[in-house]
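Here is a short report on selected features of one protein model.

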Amino acid sequence: MRKTLRRSCAACAKAKHSCDLRTPKCSRCVKRNCDCDYANEPLTSTRAPIADHRNVSHASNASMVRTHIFDPFGSYPPTNLPHLRVQGLMQHFLSKIAFQYYPLDLNPSSNPFVTSWWPLALNDPALFHVTLQTASLDDELHTMKGFPHSELLMKDSVSLLRHKIQDQSLAYQDATMNAVVILAAIEHGKGNLHVSKMHINGVKRMVAFRGGLSKVKQTSPLTARMVPWVSLLVSGSPQFETQDDFGEGNGICAIQQWQSPFSSESNDPNLLDFDALGLDPALCNIVNRLRCILHDSAILSVTDLHDLTCFTLHRLMGLPPHTGVESQSPNVSECLQYSISAYMLILQGATYYSHVHILNTLVIQFQPHLGSLSSIGECQDSLLLWLLSVGAVASTGTNENYWFRGEAAAVSVALDVQCWDDVEAHLKRILWHETRSRDVFQQTWKEIFASNLPLHGLAAAEDHEKPRNFSNRVA
């Protein structure tokens, strides 16, 4: 084969089209969904700086996605912003926002907002405007000079979406659903809850028209994951059904491990027997299956953990109040429902959108039920310590945190728990994921042991009804 000094990809050279030299694929090949092969390594393009951009912490991501930053030939949807500003926002999204939205994967070559979302945005004007808006809001929030570009992008985004929705062939595309659910999160962040709810209702109709989330997942796994997750966070309650335990149905998909046959009878005598607690049967099924997965020695991928968290939260938060005859211990059932929901959010971390609001709501619902348990004898020792530990971590930064930490300190004295190893032994009897749990829980207990909190007469969190304290009963 004759050697060549050509830098452009083979497809662009054959078509005699200018190549932007992006890797692993140039913009033209991304749009045409064709192979992009370079005879020689492309020269590295210089980046367009964003106005007053100070994001030093994401320098490594920025350098790794350098060739994804902008298209010098302008082959992206037109906007009403200056050309250089658009280029800067594109860089900001690809080097920072993509990894804020999906911190589960910090590799630019596999992060779904770089590899899946971005190609969609380049071919969809509405999604492109919404994408730029996420970057513009972050940038203008830090510069504190108002939100002129974000407001302009919002206006144009809504206008473009309205035109898409009027066209039956475009209204139910993955890109349309992506744009609408991000607008719901943006409006929720601004406090426009009515508008946010309107967007969520709209995306629910789109999903229903497509035949459910399991159908959406066939064309865009990212969309199928993000839509129910963001809808749950901004609405505070499940907006979509789940598949059953065997993967049947069109709702949120159960991971393969959930569908595997299991026995609630454990071979490990150290594990707490949930079946003996008199829990609500539906809750007991969820807890037993979840523990089988989290305690399995097989490593759970971050994607599987994300899917498991979304599925479990929708199951748990969709349960009715545990006041029926089938629940012999309604307070324990309520405590487990709220605390396991909080625990899964702790494991998952913030994804797509902040979960602080829904986590705080769970803590406020959880605390009175935990405080109303009449004695330690009503709640097994290890379970009690696990519930208080989850509450102490989940309530970090809130008024309720002092109460949870105080109760945890009191119970640790009553159970003669003197160090982290003692605590961890109790926690592992209930529900535990070593890889993602240990550091944050260990740090919280280190602070509890060092705090010298009083063992009785703890004041309840301000502006909340005071629950009966465990510390009063064990002091």
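By class, the lining of the largest pocket has ten nonpolar, six polar and four charged residues. The model is predicted. About 600 Å³ of space lies in this largest pocket. Its lining counts 20 residues, and those closest to the centre are Tyr-101, Thr-134, Leu-137, Ile-186 and Tyr-353.

Three helices each supply at least two residues of that lining: α4, α6 and α8. Helix α6 gives the most, with five residues. The table sets out their spans.

| Helix | Residues |
|---|---|
| α4 | 83–101 |
| α6 | 125–143 |
| α8 | 174–190 |

Next, a helix pair. Two packed helices are described by the angle between their axes and the distance between the axes. The axes of α17 (residues 381–394) and α20 (residues 434–451) come within 10 Å and cross at roughly 95 degrees. Angles of 65 to 115 degrees count as roughly perpendicular, so α17 is roughly perpendicular to α20. By class, the contact of α17 with α20 has eight nonpolar, two polar and no charged residues. On the α17 side, Leu-385, Ser-389, Val-390, Ala-392 and Val-393 take part. They meet Val-440, Phe-441, Thr-444, Trp-445 and Ile-448 of α20.

Last, a single residue. Asn-360 sits in helix α16, which spans residues 356–371. How does Asn-360 count at 26% relative accessibility, and why? Buried means under 20% and exposed means over 50%, so Asn-360, at 26%, counts as partly exposed.

Notes: Residues numbered from 1 in each chain as written. Predicted model: local features only at pLDDT ≥ 70, side-chain atom pairs only at ≥ 80, totals over all residues. Heavy atoms only, no water. Helix = DSSP H or I, 4+ residues; strand = E, 2+ residues; numbered from the N terminus. Buried < 20%, exposed > 50% of the residue type's maximum accessible area, 1.4 Å probe, protein only. Axes fitted to C-alpha atoms, helices over the stretch in contact; angles between N-to-C directions. Parallel < 35°, antiparallel > 145°, perpendicular 65-115°, else oblique. Contact = heavy atoms within 4.5 Å. Nonpolar A, V, L, I, M, F, W, Y, C, P; charged D, E, K, R; others polar. 1 Å grid on protein atoms, 1.4 Å probe; cavity = no way out; pocket = protein on both sides within 12 Å on 5 of 7 lines; lining within 4 Å. Points joined across faces, edges and corners; volume = space filled by probe spheres on them.
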